[in-house]
Structure formats: C-alpha cells, structure tokens
Amino acid sequence: MFDKARRSVFPILAALIWGVAFVAQKNNTAGALTFNMSRSVVAFLFLLPVIALFTRGDVRHILSENTRRDTAMLWIGGVSCGTALSVATYLQQLGLDSGTEAGKASFLTAMYIVLVPVFGLFLKKKVPFNVWISVCISVGGLYLLCVKNGFSVRPSDMLIAACSVVFAVHILVIDHFSARCNGIKLSCIQFLTCAVLSGIGAFIFEEPEFSAITQNLGAVLYLGIGSSGIAYTLQIIAQKNANPTVLTILLSMESVFGVIAGAIHLHEVLLPREYIGCALVLCAVILAQLPLEKWIRKNRRVKS
C-alpha cells in the first residue's frame, strides 16, 4: 500500500511544489547561476539534519553507506544526478530570465514526458501502450494549458527546450541509481554538486553579490527548501522501482498546479481552453495509472 502511495502521491506533491515555483523563478533578479547556487546551498543544508535524524545523529553515515562499494555508488549517483540537474536548472532559469513566459516555460519543460519514454527505448525499457497514449494526451493538454498566444520560437525558448532534454536525462539517471542508493542521501549529494558547479560558474561568468541573494531571499528559501530540498527528494524516493514514463506524466501536473496557483495568488482568470487542458492532463494521469495490459492478459486467459 505504501509503495503505491509513494509512486503516485509523492510525484504529485512534487508537481504541486514545482507549479508554484515558476512564479518565484520568473521574478528572479540575480544571475541564473548565482540564483541556482543559492537555492542548492539551502537545499543541501536543509537535507543534512533530515539525514542526521534518520541516521540517529551518526555523523559517519550522513553522506556514506555501510560499505565502500555502496558509498562509492552513492557518490557516483549523487554527482551524476547533480550534474544533470545543475545544467537543466541553469538552462531553465536562463530562459526565464531571457524573456520566456512562465506558462510557455512550464510547457516546454514538461516535454520531458515525451523524451523519457523515447530515450528509455534505447535503454530497453518497456512502455505500455496506454502510457504512450497518455503521453500524447498530456502534450495536447499542456499546450492548451500553457501556450496562449500562438507558438513562436525565440532563443530563450530554445534554452527551455534544451533544459527539457537534460531533465529527461536527469530522470533516467535517477531511475538508474534510486534503486541502489538511499534517496535522501542521494538528493543531498545532488544539491551539493549543484551548489559547487553553479558556484564555480557564477564566479567565472557572473559577479555574485550577497545583496542580490538577499533581494531574492523569499524565492531562494522557497525554491531551496520546497522546490529543491523537498520536491526533488520526493521525486527520487518515488522513482525507486517505478516506471519512469508514468512518473513523468504525474510530474507533468506541475503545469496544472502552476496555472491554478496563478489563478489563486495572482487572481488570473482561467480560459475555457485552460480548463480543457487541465482535464486532458488529469485524464492522462489516470490513464497512465491503469494496468490495462494486465487486464487484457487476464481476460485472454479467462476466454481461453
């Protein structure tokens, strides 16, 4: 029962947190690398006491496992996930800072729901036919939900599209390591890696100032604790022994929650096409969860 809830509820909670986060990201006034470095540091510091609680204060095992082999796997996984995530979040933030609207950004980012099963084919990961149908329905729903003024492509939009490709890689990397490592420790090392890589980039390509961070402190704390520390950790825990394509469809609810958050917080009025888009994404989520292939095999056995 817990496993089913973990694979369904956790990604939807993550999507809820991420949906609200687009508003905070859009209002960023610091450099993209500086902003990502700050949120990653907050996420890393937030997760350390969480791990200490689970390890009962045993400092030796906060970022290690019982054997050298398991510890090496943990760090390889954490650094791999962190590298992919740092590139993806940088491209996303740069695209938002360069002018891509939050709605279009959420749609383009969510295109990893198409890329994950396609990439998975090369890794010999089977995707049930109902999940492929769900992917197609999700794309249509997300377009109606997020893209309001036609679909023209600008350089900033290409950055968001590129981030979607890297997010797909990130999901598949998590899929590989989540079954072999402690999810919370993996997430913690992931954000340590993000903080280091983003920090190096910030000092090379930007001029990070403490005042720029304090001006965006609310967004940094929300994204660091909520979007990064909690939501990405929920994603890692949910992905353990789960179908990555089904999980991406659940995560695509991020766009639905983003629109709802805008309606509540910014008093934005939902258009009829947006209601239809929300309904399509919800239908795709439900369809992806149905074990249709098992039902078909069971009916075939009964008939034979």
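The following paragraphs describe the fold, the confidence and two local features of a predicted model. Residues are numbered from 1 along each chain as its sequence is written, and side-chain values use heavy atoms, without hydrogens and water. Local features need a pLDDT of at least 70 and side-chain atom pairs count only at pLDDT 80 or more, whereas totals for chains, interfaces and linings use all residues.

The protein chain holds 14 helices and zero strands (DSSP runs, H or I of at least four residues for helices and E of at least two for strands, numbered from the N terminus). Of its 304 residues, 52% are buried (under 20% relative accessible area; exposed is over 50%, partly exposed in between; 1.4 Å probe, protein chains only).

The average pLDDT of the protein chain (the predictor's confidence in each residue, from 0 to 100) is 83, and 87% of the residues score at least 70. Confidence is highest in helix α8 (residues 183-205), at a mean of 94, and lowest in helix α14 (residues 292-303), at 62. Where pLDDT is low, the predicted coordinates should not be read in detail.

Among contacts (heavy atoms within 4.5 Å) between residues at least 6 apart in sequence, 89% join residues at least 24 apart.

N241 lies in the loop between α10 (217-239) and α11 (244-251). This residue has a positive phi of about 60° although it is not a glycine. Most residues other than glycine have a negative phi. N241 is exposed, because its relative accessibility is 56%. V20, in helix α1 (residues 2-26), is partly exposed, with a relative accessible area of 34%.
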